[in-house]
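Please look at the structure before reading on.

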Amino acid sequence: MGRIWNLVATEARIELRERFALAGILLYVLSASFIVFTIWRQLPAREWGLTFWVIYLFCSLMAVLKTFGRESEGRYYYYYTLYHPLELFAAKVLYNAALLIFIFFSLWVVLFVMAGGHMVKGVWFLTAGLIASGGLSILLTLISSIAIKTHQNASMTAILALPLMIPILINLLRLTSYALGTTPDQNPWNEVTMLASIVSLVTAMSLWLFPYLWRS
Amino acid sequence: MQNANQPAKPSSLALWKWAAILILIYVFIAGWFVPLKPGIIGVSPDKTVAGDQVVLTVQGYNTYFMKDPDQIRAWLRLTGDTVIKALRVEVVDDRHLKAAFYIPSVLPVRQDAYPMTLILDQPSEGSSVLPNALFISPASETDSAEMALWFKEKIGNIHQQAGMRYPFRNILAETIRNTYFHVPMWFAMIILFGISAWYSLRYYRHGSLRDDVISSAFVRVGLIFGLLGLVTGMLWAKYTWNEYWSWDVKQNMSAIALLIYAAFMVLRTSVEDEMQRARLSAGYNMFAFVLLIPLLFIIPRMTDSLHPGNGGNPAMGGEDLDNTMRMVFYPAVIGWILLGIWISQLAYRVDLLKRNS
Amino acid sequence: MKLNKSCHIYGLFHQPMKIGSVLIFLLLFMVQLAQAQQESSPDYMRSVGKIYVVAGVTLIILITILIYLVIMDRKISRLEKRQKNE
């Protein structure tokens with residue numbers, strides 16, 4: 001566990017050394033929501049939720065894209081000899097999850113300022129955000145570990161990940177519409193269990209496949 | 001006894017391929033030529049006022065009214081047991097008849113609209129039903145004698161059509177036959193993807209490139225079957241739901257499934273090194289197949305859908321598939337799956353030859 | 001000049017047809033079919049209990065499988081040719 005934290009800390013240090021990294025993500029969030037907002041002008045509750053997750057989706061893709069691209073080839077080799085692949089994977093996932101949670105909150109703030117709150121049951125939205133950040137960070141980390149080995153890293157990540165993200169996204173949207181009060185008679189626990197089972201499926205598959213895919 | 005000098009006959013086909021051929025021939029013949037049960041496709045007029053006598057001109061489909069014109073009975077049903085029987089039924093020809101009804105001036109329940117279901121029964125041909133055949137505008141009267149008319153008659157002694165016939169469903173009509181052509185495409189696709197994932201697992205275990213070639217061929221053919229399911233479904237939807245694409249859950253989810261596997265094909269083309277490609281695609285393939293399960297089997301069951309059997313129930317149960325249809329549908333599924341496996345086998349044999357030469 | 005042009009067009013058919021061109025032909029054909037249907041009678045597909053929808057579905061399946069067979073056949077011919085050259 002300590003070794004994993006070590007890796008996460010290294011990761012964060014590298015990222016934060018380049019000042020623009022976090023600020024870049026923030027800027028991305030800001031400009032994306034600005035574009036959407038200038039198109040829509042106002043966001044009613046339902047559209048608020050949809051917009052939120054669409055922007056979140058693309059921001060998360062953008063943020064995770066650099067997961068395996070940051071290091072040079074030599075560094076990989078170093079990692080490969082030093083750490084077990086699962087340790088590396090856990091570190092990357094934790095770091096990405098932190099990034100996604102950061103995106104989630106900053107996007108929430110930005111949309112709150114721009115288009116109002118609309119939130120009726122904020123706790124459920126928070127739950128949705130945390131599950132989404134965890135699940136998507138695992139899925140995206142695995143996919144980007146595949147995509148890094150192809151010719152077009154950036155577009156490959158999007159092509160491979162977007163359709164796979166949809167089952168999670170659909171349940172997120174449903175949970176969000178409950179949190180926004182547009183479907184008040186729904187039982188939110190259904191969505192949470194559904195999300196949790198999909199995420200655990202993704203987790204199990206990733207833990208099994210990552211060490212295999214990482215070898216090269 | 002096989003002569004050692006003679007090579008084995010190259011033209012001998014495996015038994016399951018013969019089975020595929022025979023089953024598909026059966027499916028095509030039964031699917032196309034077994035007739036439908038009689039149905040009602042039109043009624044005019046379609047609205048009337050309560051307290052009036054109305055003569056409905058009924059247009060039948062696949063009906064033979066002339067067989068026993070005197071024994072045809074007709075009812076209009078509002079709800080469960082509020083029924084009025086036709087005063088008289090006159091048969092015009094095999095496809096048309098006129099039924100006269102007296103609509104009581106008092107309506108038994110208070111509703112926004114009063115849609116009536118027309119029910120016909122004929123001893124030789126069985127019964128047929130048309131929901132929402134006639135709409136009644138209420139008259140403002142209260143007369144308990146009129147009220148009693150609603151409960152005077154009961155629908156009884158309904159005849160069942162004997163013999164091999166497919167049920168007549170109102171919007172579907174003949175397109176119910178698509179059950180044997182459109183639906184098995186999806187079954188075949190899922191099975192082919194499953195076999196492909198199985199070969200990916202084999203590659204994961206043993207690392208033989210042969211398994212990789214086989215698994216990619218199964219994905220390719222599975223994609224073709226999925227595409228066929230999508231396109232045929234769109235054509236069917238155009239003439240039953242009025243839109244090629246209605247953003248129905250199952251339509252969306254299956255399109256996404258195809259996207260996932262299209263991405264798989266893109267992934268394969270963008271890696272040059274053979275071992276690398278095999279490993280990456282095996283990993284992605286297994287991952288994708290596992291994620292396909294919530295996508296195709298769980299999420300569609302949680303939402304309302306235009307497809308039959310949604311909102312909780314599995315698709316192929318209950319009323320949607322009667323026993324006659326089962327006799328063709330199950331063989332159809334097996335036949336199309338076998339054909340899919342056969343085509344994939346041809347595809348990977350070509351690929352293997354290409355690799356080895 | 002004129003001769004040259006016709007030769008060029010003629011040459012098109014001598015080259016082995018690419019899968020892409022087959023698809024484009026098919027697409028054009030489908031578009032034409034769709035237009036023809038819109039022009040003539042919109043109820044054609046709905047007549048006789050919508051039986052033509054079933055015909056369409058079976059035809060789509062049959063044509064696709066046939067096209068796939070043709071593509072595979074060409075693949076095998078290429079393989080055979082290569083084997084002969086070796």
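The model is predicted. Between chain C and chain B, 20 residues of chain C are in contact with 22 residues of chain B. On the side of chain C that touches chain B, 11 residues are nonpolar, five are polar and four are charged.

Chain B also meets chain A: 22 residues of chain B are in contact with 20 residues of chain A. Two helices of chain B, α5 (249–269) and α6 (274–302), each supply at least two residues of the side of chain B that touches chain A. Of the elements on that side, α6(B) gives the most, with 13 residues. The classes on that side are 18 nonpolar, three polar and one charged. The table sets out the classes for both sides.

| Chain B, touching chain A | 18 residues | three residues | one residue |

In soluble globular proteins, nonpolar side chains tend to be buried together. In this model the largest nonpolar core has 134 residues, and those with the most contacts inside it are A:I103, A:L139, A:L160 and B:A288. Helix α5 (residues 85–115) of chain A provides the largest share of this core, 14 residues. Another core, of 29 residues, lies apart from it and includes B:W75, B:V89, B:V106 and B:A133. As for A:L139, its contacts are A:A161, A:L164, A:M165 and A:V202, leaving out residues up to four places away in sequence.

Which residues of α2(A) are buried? They are A:I25, A:V29 and A:S33. These residues lie on the same side of α2(A), because they cover an arc of only 55 degrees around the axis. The other side of α2(A) has exposed residues: A:F20, A:A23, A:L27, A:S31, A:F34, A:I35, A:T38 and A:I39. The buried residues of α2(A) are covered by elements that include α3 (45–64) and α5 of chain A. After α2(A) comes A:R41, whose phi is positive, near 70 degrees.

Methods: Residues are numbered from 1 along each chain as its sequence is written. Chains are lettered from A and ligands numbered from 1 in the order in which they are written. This is a predicted model: local features need pLDDT of at least 70, side-chain atom pairs count only at pLDDT 80 or more; totals for chains, interfaces and linings use all residues. Two residues are in contact if their C-beta atoms, placed from the backbone, lie within 7 Å. Ala, Val, Leu, Ile, Met, Phe, Trp, Tyr, Cys and Pro count as nonpolar, Asp, Glu, Lys and Arg as charged, and the others, Gly among them, as polar. A nonpolar core is a set of buried Ala, Val, Leu, Ile, Met, Phe, Trp, Tyr and Cys residues joined through C-beta atoms within 7 Å. A residue is buried if 20 or more other C-beta atoms lie within 10 Å of its own, exposed if 12 or fewer, and partly exposed in between; C-beta atoms are placed from the backbone. Helices (H or I, at least four residues) and strands (E, at least two) are DSSP runs, numbered from the N terminus. The arc is that of the directions from the helix axis to the C-beta atoms.
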